[in-house]
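Q: I would like a close look at one part of this structure. Please keep to that part first, and then place it in its surroundings.

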Amino acid sequence: MNTKSNRLAIYNFKNSLFHLGTTYICFFAIVVIVPTLISLIVSSNMSGMTWSNFVSELLAVAIFYTIADCLFFNYNNFKLTIQNGISRRTAWLARVKGILLLSLPIVIVQGIDALVDHGSLLYAGLFGTPKGAEWGAALAFDFMNMLSLFATALAVGYGLALLSKRGKATVIIGVPIVGLILLVQLVKAMLKNQEAVANVLKAIIGYSDKTGMMNPLNISLFVLVWLVVMLLLSFFFSSKMKLRRD
Amino acid sequence: MTTLHVNHISQHFGKHQVLKDVTMTLEPQKIYGLLGRNGAGKSTLLNIITNRIFPSSGDVMLDNTEVFENDDCLSKMYLMSEANLYAERLKVRKIFDLVQMSYGQFDWPLAHELAGKFQVNLEERFGRLSTGYHSIVKLIIALCVPADYIFLDEPVLGLDANHRELFYQELLAAYEKRPRTFVISTHLIEEIANLVEHVFMIDDGQLLADEDVEELIARSYAITGPRPAVLAYTEGLNVVGEESLGQITTNYVFGTLDDTRIIPDSVTIEHLDLQKLFVYLTNGRHQQNEH
C-alpha cells in the first residue's frame, strides 16, 4: 500500500505543481501584465508594475490554490483512483502525502521571506529569543499551522464530495446563512460571558496573567489536536466515497 | 490462479431494490457474458465487485480475501465502464501513464499497436474524443492492463461495425496471448454469443441463469408446426414464449423435453440462439410478473 500511495502522492504533487504553475501564470497576467499595459497605454510609464511584496503574494496564491485543491478536487481524484484499482484508504493517504509535499516548500519560502523582510521567522517570538532551536520550533509550528489549515479544507472538501450536485448547492447556499446566524448568536453569547470566553482563549494560547507571557506548548497542542481531528474526519468522509450518478 | 466469489449481494437505492441476493463464481481464464435488460442491475453489480459502490449486504471475495478496500485485490481487476472516470483534460498517453503508475505495469507495445489499428491519436485530449473513441481508449486500457479480471460494461458503446469487429478479434488475440477472465456486459448478445463460454443472466436484480452457453443452448428449443400439434406436444413443458404466423405456431421451451412423447411429423424442433433465449426468458418472467 505504501509504494502505491507514494507513487500516487508524487503524481498528485506533480499535478498540483502543474496547476499551481498555471495559476501563477494567470495571477501574473492579472496582477502584473494587465496593469502594466494599462499604465503604458494611459500614461506611457510602467507604474502599474508592482514588485513590492511579490513573494508574499505568490505565497498567498500558493496557499489559496492548495485550499481550493483540498476543497474541490476530491471527487475527481476519487474517480481517477477507483478507476485504477486504488482503494479509498490508499487514495486518501496519497492525497495527504501530496499536500504535505506541497506545504513544505510553501513553509520554507514563507520562512525565508519573513527572514528577509523582518529578520525573523513568523511565530519566532512565541518561542522566546530566536536562536537555533527556537527557529526550528517556529518553523515546525508554522508547518503545523499550515497543515491544519489544509487538513480542515480537506475534511470540508471530502464532506462536500459526498453530496450530490443539489446537496452541494444546498450546503454552499445554506451554510453561510446558518453560519451567519450562529455567528451573531455566538458573538451575543460571548459578550454576555466575556470572562469565561477570555479564560478559554487564554487556556488555548497558554496565556498567563501573572507573567503576561504565552506558553507555546498550549497552542501547539491545540493545533496538533485540531490537525489530527481534521485528518480523521477527512479519512472518515473519504471512506464513504462512492460513484455518484449525477 | 484466483477465483472471484460474489456472495449474496443485495443492493437498495432508497426503496428500490436493484440486486436481490446475487451469488456467482468467476473462474480464472474464462470469458463470461453478463446479460440483462436495461435496469436489470448489471452495472450496479460490476460497480460493487470493483469497490466503486458499497453493497447493502453481501461481499466479494478473491479466493479467501475480501476485495473491499483491498489494494492487492483491486489491482487484479479492471472495470471498463460506460461512465468516463478519466479527467477530460488528460491526453490519452498521460492516461496510459497513469494506468501504468497505478497498476505497476502496462503493455505499451500492444497499446501502440491497438492505437494504430483503431487510429487513436495518443496526444489527443480525452475530452475531445467522440463517444466511440472514449470507448476505444478504455478498451485499449482494458486489453493492456495487467489485471486478471477484466470487466467490460457496454464495451462497444458508440463503436461502428468495423471497430466492433476489430475489438472482438483483438479481445480474442489478447486472451490467447495471456488468458485472463473477461466479463462482457452487453445488449448486443448476438455479437458476443460465439465469444463467451458461460453466461450470467440477470433480470430484475435476480440471477436468472448461471450456465455454460453450450448447456444453456442445449436445453432451449423452438418447436414449430400447426398450432394443435405444437400445443399438444409442449403441454406441461416450460414454455417461455410463443409466436404465431397464420396456422403455424412456434413454442419456445426452456428445459428438458419429454422423451416419451412422440414428435409429430408436422412438428420441427430446433435449438434457440442465445439472444432469442434471453429475450424469451426475460419476457416470460416480466409477463408472469404482470399477471
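At what angle do α5(B) and helix α6 of chain B pack, and how far apart are their axes?

A: The model is predicted. In it, α5(B) and helix α6 (residues 161-177) of chain B pack at an angle of about 5°, and 11 Å separates their axes. Angles under 35 degrees count as roughly parallel, and α5(B) and α6(B) are therefore roughly parallel to each other. On the α5(B) side, the contact is made by Gly132(B), Ile136(B), Leu139(B) and Leu143(B). The α6(B) side supplies His163(B), Phe167(B), Glu170(B), Leu171(B) and Ala174(B). By class, the residues of this contact are six nonpolar, two polar and one charged.

Strand β3 (residues 31-36) of chain B pairs with β9(B) in the parallel sense, over five bridges. Within this part of the sheet, Tyr32(B) stands opposite His198(B) in β9(B). Strand β9 (residues 198-203) of chain B also pairs with strand β10 (residues 206-212) of chain B, here in the antiparallel sense and over six bridges. Phe200(B) has Asp210(B) in β10(B) as its bridge partner. The hairpin of β9(B) and β10(B) has two residues between the strands, and Asp204(B) takes a positive phi near 55° in this hairpin.

Next come the domains. The domain assignment of chain B gives domain 1 as 4-212 and domain 2 as 219-290. Taken over C-alpha atoms, the centres of domain 1 and domain 2 of chain B are 34 Å apart. Nine residues from domain 1 of chain B and seven residues from domain 2 of chain B take part in the contact. On the domain 1 side, α7 (189-192), β9 and β10 of chain B each supply at least two residues. That side divides into six nonpolar, no polar and three charged residues.

Chain B also meets chain A: 21 residues of chain B are in contact with 18 residues of chain A. The elements of chain B that give two or more residues to this side are α2 (71-74), β6 (77-80) and α3 (92-103). Of these, α3(B) gives the most, with five residues. The side of chain B that touches chain A has 13 nonpolar, five polar and three charged residues.

As for chain A, an unreviewed UniProt entry carries the annotation "transmembrane region" for several spans, including residues 21-42 and 96-116. In the model, residues 21-42 of chain A are 100% helix and 0% strand, with the end C-alpha atoms 30 Å apart. Residues 96-116 of chain A are likewise 100% helix and 0% strand, and their end C-alpha atoms lie 30 Å apart.

Conventions. Residues numbered from 1 in each chain as written. Chains lettered and ligands numbered in written order. Predicted model: local features only at pLDDT ≥ 70, side-chain atom pairs only at ≥ 80, totals over all residues. Pairing = 2+ DSSP bridges. Helix = DSSP H or I, 4+ residues; strand = E, 2+ residues; numbered from the N terminus. UniProt positions renumbered as here; feature names shortened; annotations may be inferred. Contact = placed C-beta atoms within 7 Å. Nonpolar A, V, L, I, M, F, W, Y, C, P; charged D, E, K, R; others polar. Domains from an automatic or database assignment. Axes fitted to C-alpha atoms, helices over the stretch in contact; angles between N-to-C directions. Parallel < 35°, antiparallel > 145°, perpendicular 65-115°, else oblique.
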